[in-house]
Amino acid sequence: MLRIFIFFITLGFGSLAFAEEAQSIDNLQQFASLIRWSGVAFSFVIVFVAWLLLRFTQSIVDGISSQFAQRRMLMQKLQSFFQFFIYMSTGMAVFMLSFRVDERVLALIGGTIAVSVGFALKDLTASFIAGLTVMIDRPFQVGDRVTFEGNYGDIIAIGLRSVRMQTLNDDIITIPNNKFLNEVAVSGNYGALDMQVVIPFYIGMDQDINTARDIIQEAASSSRYIHLPKPVVVLVKQTITDNYLAIQLTCKAYVVDIKFEKLFETDITLRVMQEFRKSDIFPPAIAVQNK
């Protein structure tokens with residue numbers, strides 16, 4: 001009796017496995033029936049022709065760019081549009097030649113496109129919502145000098161998808177808006193034209209601190225870039241820099257316009273260094289011994 005029971009169980013599992021195998025074979029046959037094999041062979045020819053066309057276009061663009069440098073950017077833009085057109089046309093042609101398009105294929109394509117578009121729009125939607133948050137919350141404004149993720153520069157545009165920053169090296173950085181939801185952005189002026197500039201100076205422990213402080217105060221106050229309605233402050237503290245005991249004098253002054261920040265810093269530094277030499281004020285010279 002037990003043997004008969006085991007036999008029927010084995011027979012049942014064997015039938016199930018056979019049914020699954022038959023279903024898989026049927027699916028493969030259905031998929032194979034959708035393929036137009038003559039079109040697949042011709043598709044290789046189309047892909048090869050598209051590759052030759054792209055290589056030919058690249059050679060033309062390189063030749064024109066080397067002869068007419070002022071047209072190089074325009075030619076590269078046209079080449080990008082042309083490459084996109086070739087890729088899309090080749091893909092559509094290969095698909096139409098290789099498959100017999102019917103309701104099943106259209107349903108498969110529709111589902112694939114829907115999933116792809118959903119994934120592609122996920123980050124775009126997040127950036128769009130973050131852009132509205134940035135515009136309402138206003139952590140910075142257009143024209144602000146901002147530090148973000150190690151980048152430092154001016155905000156030149158705030159869009160629904162991204163923010164554009166122009167660094168002091170004249171680079172344009174595009175930052176997706178959703179980045180600002182989780183990272184800290186530091187605005188130096190927050191809508192104002194003037195901004196505080198911090199400039200550190202270091203002198204030896206045995207130097208005339210009061211004279212050095214007066215020199216820095218005078219250099220900052222008489223700079224052509226100073227914003228006088230706001231105070232000039234020079235802070236003093238003892239510190240260790242590069243294994244040297246030193247007195248750090250930190251100048252905090254406001255530049256009249258953020259675009260003059262580096263010129264302001266350079267002007268003060270040059271004048272302070274010149275006066276330090278005249279007054280025999282020297283940098284740190286007592287090293288800290290490492291144990």
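Let me start with a pair of strands: β2 (residues 151-158) and β3 pair in the antiparallel sense over five bridges. Strands here are DSSP runs of E, at least two residues long, and helices are runs of H or I, at least four, numbered from the N terminus. Two strands count as paired if DSSP finds at least two bridges between them.

This is a predicted model, where local features need pLDDT of at least 70 and side-chain atom pairs count only at pLDDT 80 or more, while totals for chains, interfaces and linings use all residues. Residues are numbered from 1 along each chain as its sequence is written, and side-chain values use heavy atoms, with hydrogens and water left out.

The pair belongs to an open sheet of five strands, ordered β4-β3-β2-β1-β5, with antiparallel pairing. β4 (172-176) and β5 (185-187) are the edge strands, each pairing on one side only.

Is Met165 buried or exposed? Met165 is buried, because its relative accessibility is 1%; the cut-offs, with a 1.4 Å probe and protein chains only, are under 20% for buried and over 50% for exposed, with partly exposed in between. Beyond four places in sequence, the contacts of Met165 include Val146, Phe148, Ile156 and Ile173, contact meaning heavy atoms within 4.5 Å. Gly153 is also in contact with Met165; the two C-alpha atoms are separated by 6.0 Å, at 12 residues apart along the chain.

Last, helix α3. The buried residues of α3 are Met75, Gln79, Ile86, Thr90 and Ser98.
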